[in-house]
Amino acid sequence: MKWWQKLSDRLHLLVMLPTVFLLLTSPWIFMARQLPANASFWNLSHVYLGLLTCLLGMVFLLTNLMGGTWRQYFPWVVADIKPLLKDITGLAKLRLPVAGGRGLFSVIEGFTMLGLVATGITGVAWYVTQGSADALSWRAWHIDCAQWFIGLLIIHMVCALSHLLDFLRQ
């Protein structure tokens, strides 16, 4: 196994744990233009754990793009959509797509990684611009990206569970 694949496997867990914390505690975050002077534990942990998660998420994405594996997660970039279309037509016939390859599950994983990184980058941009007029725009984009990411994450988890159920049936 190549070194970046070993790193990516470990990073999946290292990204997942703080991401779950950030998503579950986000309803208790009260920040707008800037981090308050008397910021709560929830605000501080969200900002600083979010910065770390952004960095981990970017490294995770990069390790998943190395060695040509980007074609697995983003086959549509080079117009390789036959496996994706095959999986979608298979779903219409109630057949579960297989994990791996360049099909539906891998494309969902690719978009989920992009959602994570977009959420992190917009959060970092809010942090860097806090106190300015641009901070509220970055905050709004961060929230939009986070909602997009949550939707993708739910789809990703459903795909993983369906793959696990398929594995257990065999």
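A pocket, as the word is used here, is an open set of grid points with protein on both sides within 12 Å along at least five of seven lines. In this predicted model, the largest pocket comes out at about 790 Å³. Its lining takes in 29 residues, and the ones closest to the centre are His12, Phe60, Glu109, Leu153 and His156. Helices do a lot of the work here: helix H1 (3-25), helix H2 (41-65), H3, H5 and helix H6 (134-169) each put at least two residues into the lining of the largest pocket.

Next comes the second largest pocket, with a volume of about 610 Å³. Here 26 residues make up the lining, with Ser26, His46, Thr119, His142 and Ala146 the closest to the centre. The breakdown for the second largest pocket is 15 nonpolar, 10 polar and one charged.

Then there are the cysteines. Going through the whole structure turns up zero disulfides. A disulfide, after all, is a covalent bond between the sulfur atoms of two cysteines. For Cys54, the closest cysteine sulfur belongs to Cys145 and sits 11 Å away, so the gap is too far for a bond. The cut-off for calling a pair of cysteine sulfur atoms a disulfide is 2.5 Å. Looked at from the other end, Cys145 has its closest cysteine sulfur in Cys54, again 11 Å off and too far for a bond.

Ala79 has a phi near 60°, which is a positive value in a residue other than glycine. This alanine belongs to the loop that runs between helix H3 (70-73) and helix H4 (82-92). Ala79 is also exposed, its relative accessible area being 63%. Leu94 is another case: its phi is positive, about 65°, even though the residue is not a glycine. The loop in question for Leu94 is the one between H4 and helix H5 (104-129). Despite being a leucine, Leu94 is exposed, with a relative accessible area of 79%.

Conventions:
Residues are numbered from 1 along each chain as its sequence is written. This is a predicted model: local features need pLDDT of at least 70, side-chain atom pairs count only at pLDDT 80 or more; totals for chains, interfaces and linings use all residues. Side-chain values use heavy atoms; hydrogens and water are left out. Helices (H or I, at least four residues) and strands (E, at least two) are DSSP runs, numbered from the N terminus. Buried means under 20% relative accessible area, exposed over 50%, partly exposed in between (1.4 Å probe, protein chains only). On a 1 Å grid over the protein atoms alone, a cavity is a set of points where a 1.4 Å probe fits but cannot get out, and a pocket is an open set with protein on both sides within 12 Å along at least five of seven lines; lining residues have an atom within 4 Å of a point. Grid points are joined across faces, edges and corners, and a volume is the space filled by probe spheres set on the points. Ala, Val, Leu, Ile, Met, Phe, Trp, Tyr, Cys and Pro count as nonpolar, Asp, Glu, Lys and Arg as charged, and the others, Gly among them, as polar.
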